[in-house]
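Trainee: I would like to go through this model step by step. Please start with what lies inside.

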Amino acid sequence: MRELFPNPADDVDPVARYESDHRPPPADRPWLLVNMVTSVDGATAVDGRSGALGSAGDHLVFHTLRAVADVVLAGAGTVRAEQYGPPRTDAAAQQRRAARGQAPHPRLAVLTGRLDLDLGTELFAATPSRPIIITTSAVPAARRREAAEVADVIEAGDQRVDVALAVRLLGELGVSVVTCEGGPTINGELLAADLVDEWCQTLSAVGAGGTSARAAAGPDAGLRTFTLDRALLDGDTLLLRYLRSLRSLPSRRPLPSSVLG
């Protein structure tokens with residue numbers, strides 16, 4: 001894999017590069033990293049899943065960004081569509097996690113407003129680390145008790161999950177780094193709440209067309225500004241790492257009719 005920026009090199013170890021990145025948590029919450037893959041025309045999925053968009057290098061970075069996290073965060077829709085299993089790390093990654101003071105495997109946290117999850121899947125029944133379910137107080141108490149048998153259940157919001165509260169509550173559990181794998185609605189809410197510290201984007205060298213959602217969708221976030229920290233090239237696949245800037249730009253206003261003609 002080549003590094004194009006900031007230190008051009010023909011052969012770099014992406015695992016070492018991403019694991020060595022400094023991710024200091026803010027004072028009141030964990031560091032939040034979003035990791036997404038898209039086609040060149042912005043699709044995040046083909047036939048409902050993202051797997052067709054990834055390259056071998058993207059898969060390597062995907063697992064590396066999981067391995068640096070204390071918690072992997074995903075929405076219930078993404079968990080179902082991608083048929084999530086429990087996040088696992090290999091022996092070498094476990095040793096590196098131990099050296100950083102982390103548990104052997106990251107925990108998976110699922111955001112779900114209705115708690116409409118199959119609690120009998122491998123994700124809950126055969127996991128090396130106890131999952132977390134983040135839901136609302138509107139979910140019936142009996143359903144929350146059922147979920148509590150296989151996961152730690154956190155309430156964050158009344159009718160809808162409050163993502164800012166959810167992230168803050170993860171911090172109160174001692175979580176320092178969260179890797180969010182979407183989907184687009186959660187990513188959009190995180191951007192709108194100004195919670196994204198790092199955005200890792202793989203640009204796959206394919207065009208997908210279709211009606212797939214973009215990487216973030218939902219409420220108007222204004223313009224959150226990011227700085228390009230790194231660009232790697234795996235064949236024709238571009239892997240980008242952005243870090244949040246200290247300022248945000250105002251939302252764009254419509255052009256006057258005289259300009260539009």
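Mentor: In helix α8, the buried residues are Pro-184, Ile-186, Asn-187, Gly-188, Glu-189, Leu-190 and Leu-191. Buried means under 20% relative accessible area, exposed over 50%, partly exposed in between (1.4 Å probe, protein chains only). Helices are DSSP runs of H or I with at least four residues, and strands are E runs of at least two, numbered from the N terminus. This is a predicted model, where local features need pLDDT of at least 70, side-chain atom pairs count only at pLDDT 80 or more, and totals for chains, interfaces and linings use all residues. Residues are numbered from 1 along each chain as its sequence is written, and side-chain values use heavy atoms, with hydrogens and water left out.

Trainee: How many of the 9 residues of α8 are buried?

Mentor: Helix α8 spans residues 184-192. It is largely enclosed by the rest of the structure, because the number of its 9 residues that are buried is 7.

Trainee: How many disulfides does a search of the whole structure find?

Mentor: A disulfide is a pair of cysteine sulfur atoms within 2.5 Å. The search of the whole structure gives a count of 0.

Trainee: How far from Cys-180 is the nearest cysteine sulfur?

Mentor: Cys-180 counts as buried because its relative accessibility is 0%. Cys-180 is in no disulfide, and the nearest cysteine sulfur belongs to Cys-200, at 12 Å.

Trainee: Is Cys-200 buried or exposed?

Mentor: Cys-200 is in no disulfide either. Its relative accessibility is 2%, so Cys-200 counts as buried.
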